[in-house]
Amino acid sequence: MVQDLDPFAVARDLFPDMPPGFPFENFDLEELILPTGDDMGIKSDDDDIKEEDIQTQSGFGSCLVIQNLPKAPEEKYEKLMTVVRTIASKMGELRENGIYMPLDETTKMTKGFAFVELARREDVDAALLDERFANGYQLDKNHKLIFCRFDDFDKYAKVPDEYAPLEQVPYKQPENLHSWLADKLGRDQYVLRFGDNTVVCFNDGKRGRADLAFQREYWTESFVQWSPQGTMLATMHRQGMAVWGGPSFTRLNRFAHPSVRLIDFSPNEKYILSYTSHEPVTARDSYTILISIWDVRAGKLLRKFEGPVDEYAVGSSAGPNGALKWPVFKWAGGREDLYFARLGRSKISIFECPHMGLLGKESLKLDGVQDFEWSPAEPLLAAYSAEQGNQPARIVLIKIPERTEIRQKNMLNVSDVKLYWHPQGTYLAVKVEAWTKTKKSTTTSFQIFCVKDKDVPLEVFELKNNKERVLNFAWEPKGHRFAVVHGDGPRPSISFFTMRDDKGRLGVRELKMLDNRACNAISWSPQGRNIVLAGLKNFNGQLEFFNVDEMETMATAEHFMATDVEWDPTGRYVATVVSHVQQMENGVNVWSFGGRLLYSTQRDKLYQFSWRPRMPSLLPPEKEAEIVKNLKQYSKRYDEEDEQLIMQADADVLHERQRALDEWKSYQESQRNYAALQLDFKRELYGLRFHEKEFTIQKVMVEQIIDVKEEPYNAK
């Protein structure tokens, strides 16, 4: 008699260690028991965040208490109420009947405090950080008003009378945020964002490939942005933004700014600005913006700037159709994030860190100011003021915080002005377009301030044909040279100039002019010396790799439909990108500085490519100059070391492959008994049909003609 076998019972006997519910046939999902502590390979972003006790609030989060008010009689109540309302309106929008100032029923005198309810809780946060209210508001000689939250009374009332020691949290060693700089092969990283994916790769130029460092899907909802020194990567979300760092890109901090659209780091990564805009709800409302400034490490909101867009879209900050140009606030140069500023109407408002208050409690007054730029090297501000009546246009250099004018230049008949600081803060170039006498055309000249020289001398020069249109201007990042793209035709010219001769004497001198080039963009190597002359978009990606020291073309190439050119921080490699602006051929080509194509990466819907920045060099300029002078001596030694590292890396790859193969063979050997049991199980389950070969059943439709008969067609 043949006994019927239950295949699932046999499976449970063969695999007694499997979780309840195995082999997962006809079971209730809620009854499935997973192994304790097993996340099944799905890691949550919040696994490393300890749950905090939720502090309930009284519901008065938008309420403030103003203390130390004068105690006034009933007949002066309305007068004092007007004073309180004026002060409260400076904090934000008041709710209807949002001020309550109690009277003592016995004495008919005010009690010396008032309650103020603002429209939003965020306004309370900003008011308590505002320097006008944070340290008290001097109402008169005898009364300094003190502000606090209404909820604070309830919070401090819950403080226990006896001290309870805090629970000690074990110290967790954070990841090294500069780990990528310790790469044995000295490789740089870049980030690619395509489709729903974001990947960070090492650029292995010597072996002509990109090595994946990190990858994540749905990491950001709009774009990613490196911090200026490459320590962190910021991602954008509906609730705000987050910053990530370390080898595994763990989350370092989050910043709650709903519907955030743009961000901007301070140069030394201490602060981050976030921006969003609010469309008008009714015809009477105006288009408003909100800019928040945060402490990057602490994640703390330091200050908010909010108001109608017209208040911020002034001068060079105004785009087409009244739009706003980003960044609105510009950071001062130097190794400390000391100041940031924005343009106003006939003024520049400079704010001081870390308290975020107005420097000197007043803005810098400059009649007709239209644009300003900070020196990248120090708190030195260059501002341009347009002509007003009989007052000429003016360029002025102002030292902060002293507000001392160290140099100025007056100009007449000015049509447009553009400011270009040298990356090292050595020079300031001012491109001036001035009207001719007929007012029908303009001429272009350059005013160059030599900031590091005594008394800040000024050099003025014009192109040979000063009526030509200037398409681009770029300083050599390290050195005294600059390049100008100029011309009115479809193929412009590129001219190279130097600020000093071979003996270091000051004076603008033309080095060479390249005629008739398919070029509309120029990109200097971060180390200087080499430059890429690129014909992007309409020029179909024509590339010329040019050595400015030797004044010779190293190579010419083409990356069809290229939209961007990006140098890596070392100046050894350059990437050309076809972004999603073009419908086809999206991808990245990586070249050597001399124009040799190393490798290509094709990605559909390529939205973003960005090299990871490096920290500024700690070497003094004299040491860097010495290294450049003896570069051949250093390069020979390091080339040998690089070759050894590459050989070792290749050996490590082969070793890893062998280890994986050995592991697979070991696994095969360990599963031999399992395979034999499975074979016996199938033989017993299938019986006589076990020896039949595997087959599949397919339905096939076959057309067959049964009969064909031909008859003449009668049109009638």
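Helices and strands are DSSP runs numbered from the N terminus, a helix being H or I over at least four residues and a strand being E over at least two. The views below are drawn from a predicted model.

**View A. Lysine 439 in the loop between strand 27 and strand 28.** The loop that holds lysine 439 lies between strand 27 (427-435) and strand 28 (442-450). Lysine 439 is not a glycine, yet its phi is positive, at about 65°.

**View B. Asparagine 97 in strand 2.** Strand 2 spans residues 94-100 and includes asparagine 97. Although asparagine 97 is not a glycine, it has a positive phi of about 55°. Its relative accessibility is 74%, so asparagine 97 counts as exposed. Most residues other than glycine have a negative phi.

**View C. The cis peptide bond between tryptophan 326 and proline 327.** Tryptophan 326 is joined to proline 327 by a cis peptide bond with omega of about 5°. Proline 327 is found in the loop between helix 6 (309-312) and strand 17 (330-331).

**View D. The cis peptide bond from isoleucine 400 to proline 401.** Omega is near 15° for this bond, which runs from isoleucine 400 to proline 401 and is cis. Proline 401 belongs to the loop between strand 24 (393-399) and strand 25 (404-411). Most peptide bonds are trans.

Note on methods. Residues numbered from 1 in each chain as written. Predicted model: local features only at pLDDT ≥ 70, side-chain atom pairs only at ≥ 80, totals over all residues. Heavy atoms only, no water. Buried < 20%, exposed > 50% of the residue type's maximum accessible area, 1.4 Å probe, protein only.
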